[in-house]
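User: Hi! Could you walk me through this model?
Analyst: Happy to. Here it is.

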Amino acid sequence: MTRPATTTLSADARAALATAGFSRRDFLKRSGALIVTFSAAGVASEFGLAPGLVSAQGINGNPSTELDSWIAIAADGRVTAYTGKCEFGQGLFTAQTQLIAEELSVPLDRVTLVQCDTALTPDQGTTSGAQSHPANFNTANLALAGATAREALVRLAATRLGVPAGQLTARDGAVSVTGDPTRGVSYGDLVGGKKFEVRLDRNAKRKHPSTWTVLGTPVKRLDIPALATGRFEFVHNVRVPGMLHGRVVRPPSVGANLVSVDESSVRGMPGLVKVVVKKNFIGVVAEKPWQAVQAAAKLKVSWSAGSGLPARRTFHDHMRQSPVRDGFTVNSGDVDARLASAARVVKATYLYPYQMHASIATACAVADVQGEKVTVWSASQAVHPLRNTTAMLLGIPPAGVRIIFTMGPGCYGVNGADTVSYDAALMSQAVGKPVRVQLMRKDEMAWENYGLAFVVDQRVALDAEGTIVAWDYEGWSPTRGGRPGGNAPGNVVTGYLAGFAPQAFTPRTPAPPPQGGFDNGSNTAPSYVTGCVGTECGGCGVVKSERVLNHTVESPFFTGPLRSPARLQNTFAHECFMDEIAASLKADPVEYRLRHLRDPRLRTVLAAAAKAAAWDTRPSPRPAARRTGVVRGRGVACVLYEGDNGYCANVTELEVNQDTGVISVKRCVVAMDSGPISNPDGLRNQVEGGTLQGVSRTLLEEVTWDANRVTSVDWRSYRPLYLGADVPVVESVLINQTDVAAMGAGETAVTVAAAAIGNAFFDATGVRLREIPFTPERVKAALQQRQS
Amino acid sequence: MSVFTLKVNGVTHAVDVDPTTPLLYVLSDDLALRGPKFGCGLSQCGACTVNIKGRAVRSCVTPVSTLDGSEITTLEGLGSPENPHPLQKAFIDEQAMQCGFCINGVIMTAKALVDRTPNPTDAQIKQAMATVLCRCAAHQRIFQAIRRYAQSNPTRRTA
């Protein structure tokens, strides 16, 4: 493979556009001969698709009876597979290619994977939340299509060879008699010039992981050779004929409204094509990118004063005092009584700041709006939803809108990819030509959908033996906008500026009782409770008296999912608190956790990380630690991500320089169980990157603002972990479970990093840090309190 | 607009642009190169790095007018997917990236280092890479790839 698939896709997509309109069936007529299909009607939930999105697609002119293709096998034996889950640097393109090669028994280089193109690929909602493995690698969707196709080919071969299917084996792109490879027929010959349309068969049998030869092996990423040599086509590299360049002009303050634009301030600038204004949205279009940059900087715009921002120093208190929308994850009803009768009550409060996706590239998109026919090259995680909202934004029907995913930088959630797609679409609509827009650094950082700030109040009741008998969680987190989904372009800044409201915030208190089963998707409940809602108990732990109450409040800034959204924040609060309780009882942190855990897989990852790290069994803090100079500590944290999507435990060793307040993380041993492993090296890469990104978020990252605007708008004011930073060695311990369902792995390791660091810091110093980030100033202040 | 002559990856180009245009815009827009990338436009992340006279230069803040007649090497000038430069091969072998957007700056900065210092210590590598940002945090593999290349570097063996 010499060219990355995104490049191939763009070329194919352009060809399809030119010759076949928008129908994926037309495209397949040209390229496939045996096609596995499914009908979107009625099977959305069955096959794990987001039903709302599928029906939204139906409502908006895409008939729900339309057949979406998953796999096509051509007469030359080449396999084309279509997926709605795409690559963001997590290795999913390669893993899905492995999946198809494995299930179809073809060499890897015979598989072409087409990802995330509204004209070509199935609507699989959003590539997010570590949901791609659960969606596509189990017994539905892409994996099932692969198995269906292989069984169909074996049936065709049985007829052709006159041998019962049970005596045939598919291998290396051919079907042959088991034990006699000379009697066989290639897929290409089976398909020949004919057309076969095979319905997705929910009973098709996946290969068992114990028989895998491609999946489960450390296949090298197919896109890395092109990336390492500067040949890879990012969305930033998309060039279409006649393309112009746009830049945005964002308001100077949160809540400012446009008063007037002085177009004479840029009149006559070289290459200037148009100043585009729509309500509070302003874009400048020019022939060349540098001309657009200069014109956007020079354009004189008058804005009203902003709405003002709550003080940053007291923002966590501000959240406590704001109107709330309340929800229970679980409520056994007896927590207050248990707290009142406890031998001892332990409590603590944890604080988390807003943080940014802060992708290495600023967001970019290319849009070509020709009346009601629209093509957008976008790095969005959600091409099908984006199709709808782009149509809403442009005031046209969605039927003519095509979104072609083209890779952007690692996004870690809803970064600027959707909003810049709107920027490009609005500017292209205004000038009638294709427009490429790339945001400037401050445009992106000042207006992102930030990851959530949090306040968490924790309380537990202990009995006389020091066992937890009740757990009481109360948390506050802010919200504004979010993913645009299928119908809310105002959930990101461009849609909002162009006149669409963010999803409405409706206060609601008190919270209704929890119902519909235990849903710990945000890890609001700790691992140590039983998680009983109705008659079902879905928690990992043994604590029966449990109350988990979350308050959502209105955010002054846009918010949205950032790698391990809410789960990292909650896990920081749970796992540090568990450590505090253990320390108060002079119990070993691992042993004390195991005392309250019943989930065998969570117990196993915890024990595995402890063993691999040669865990020093004893209570924290480390005895007789010095109060000056450099001290060393170790800490642990564990989680079942999203309550059902990947087990992880992290043992961290670090040093604290008590004179400078600098924390230096030395070693992280991370054990992971996400079911059968598709690609062990890819999984290690995720564990390493997730852990180090967790170190960055724990020690360094915080959105800052003044009375009117965000002030962390570049890499000096928002400074993540550079390559020159002290970084720990990350050792992954992969637990391959082959008889269970595949779970996600992209967001798991980051989830436990903050708590493991906080606990190791306590072990080293005897001081508890309860507010992220652990900056040297905060560390020194905490240590000073100890000494007084 | 003024005409400037640049020799990029061994090929001479004459470009007619505004003299204040940063080199990055010329490379990625006028010459359609995909190696150098816009990360911040502020010389803060390294994604735009190219090599000029053996030095790692941040093309996003370097006006083209200061480079007339220069010889410039970009990531694609080192090697190709079929025939990668040994440093690029080290990154492929180590699978030393995730999204890969930063990797232009990582490799071009490391190239300048190892050309200048064929046998770098870990501290020298760290210092050279200090102002390069990898947001996916592939730090561990990136350093392993640079070490792997430095240790196999023919210059080192003769040094």
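User: How many helices and strands are in chain B?
Analyst: Chain B has seven helices and five strands, counted as DSSP runs numbered from the N terminus (helices H or I, at least four residues; strands E, at least two). This is a predicted model, where local features need pLDDT of at least 70, side-chain atom pairs count only at pLDDT 80 or more, and totals for chains, interfaces and linings use all residues. Residues are numbered from 1 along each chain as its sequence is written, while chains are lettered from A and ligands numbered from 1 in the order in which they are written.

User: And what pattern does chain B follow along the sequence?
Analyst: The pattern is β-β-α-β-β-β-α-α-α-α-α-α.

User: Which domains does the assignment give for chain B?
Analyst: Domain 1 (2-77) and domain 2 (86-158), with bounds from an automatic or database domain assignment. Their C-alpha centres lie 21 Å apart.

User: How many residues does the contact take from each?
Analyst: The contact takes 14 residues from domain 1 of chain B and 14 from domain 2 of chain B; two residues are in contact if their C-beta atoms, placed from the backbone, lie within 7 Å.

User: Which element gives the largest share on the domain 1 side?
Analyst: S3(B), with three residues.

User: Switching to chain A: in what sense do S27 and S28 pair?
Analyst: Strand S27 (residues 662-673) and strand S28 (residues 729-734) of chain A pair in the parallel sense over six bridges; pairing requires at least two bridges found by DSSP. A:Val670 has A:Ser732 in S28(A) as its bridge partner.
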